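Good morning, and thank you for joining this group meeting.

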Amino acid sequence: MWILVVGRSDQLERAEGGVVVLRDLGCRVRALDLWDPLDEAELAAQPPTAVLVEALDQVDAGKAALARLRAVAPLAEVPSIIAVTVNALQRLDPQDGFDDFVLVPYVPA
């Protein structure tokens, strides 16, 4: 079991980011830039348990990333969570397609 974290490459490995927090909690994590190519064969062989889209303040980029992820057959039904700031929360809509959301900054406890 592992978690795919998708976000901006310059934000993915930040100390308080989802990749670091999840690894600190003992999760296996793979990070991808929002626009990295997706290797369907690799994902089909072992799809992630969940996808975390770190949109932060860029909700529209998060929605676009989810649409792109859902177009990849092995990821079409994988549960997805969007990570947003409190300021961006008002721009989320239940129709956006995410299964849930989490607020940033993360609070592991």
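Let me begin with a question: where does proline 105 lie? Proline 105 is found in the segment after E5. Please note at the outset that this is a predicted model. The peptide bond joining valine 104 to proline 105 is cis, with omega at about 15 degrees. Leucine 56 is not a glycine, yet its phi is positive, at about 55 degrees.

How confident is the predictor? The protein chain has an average pLDDT of 93, and 100% of the residues score at least 70. Among the elements of the chain, strand E4, residues 80-85, has the highest mean pLDDT, 98, while helix H3, residues 40-45, has the lowest, 83.

I turn now to the sheet. Five strands make up an open sheet with parallel pairing, in the order E2-E1-E3-E4-E5. Strand E2 (29-33) and strand E5 (100-104) each have a single partner strand and stand at the edges, so one side of each has no neighbour in the sheet. From one strand to the next, the twist averages 25 degrees.

Within this sheet, strand E1, residues 3-7, pairs with E3 in the parallel sense over four bridges. Which residue in E3 is the bridge partner of isoleucine 3? The partner is alanine 50. Helix H4, residues 59-70, lies across E1, E3 and E4, and runs at about 155 degrees to E3.

Finally, the largest pocket. Its volume is about 250 Å³. Which of them supplies the largest share? H2 does, with three residues. By class, the lining of the largest pocket has eleven nonpolar residues, one polar residue and no charged residues.

That concludes my presentation, and I welcome your comments.

Technical notes
Residues numbered from 1 in each chain as written. Predicted model: local features only at pLDDT ≥ 70, side-chain atom pairs only at ≥ 80, totals over all residues. Heavy atoms only, no water. 1 Å grid on protein atoms, 1.4 Å probe; cavity = no way out; pocket = protein on both sides within 12 Å on 5 of 7 lines; lining within 4 Å. Points joined across faces, edges and corners; volume = space filled by probe spheres on them. Helix = DSSP H or I, 4+ residues; strand = E, 2+ residues; numbered from the N terminus. Nonpolar A, V, L, I, M, F, W, Y, C, P; charged D, E, K, R; others polar. pLDDT = per-residue confidence, 0-100. Pairing = 2+ DSSP bridges. Axes fitted to C-alpha atoms, helices over the stretch in contact; angles between N-to-C directions. Contact = heavy atoms within 4.5 Å.
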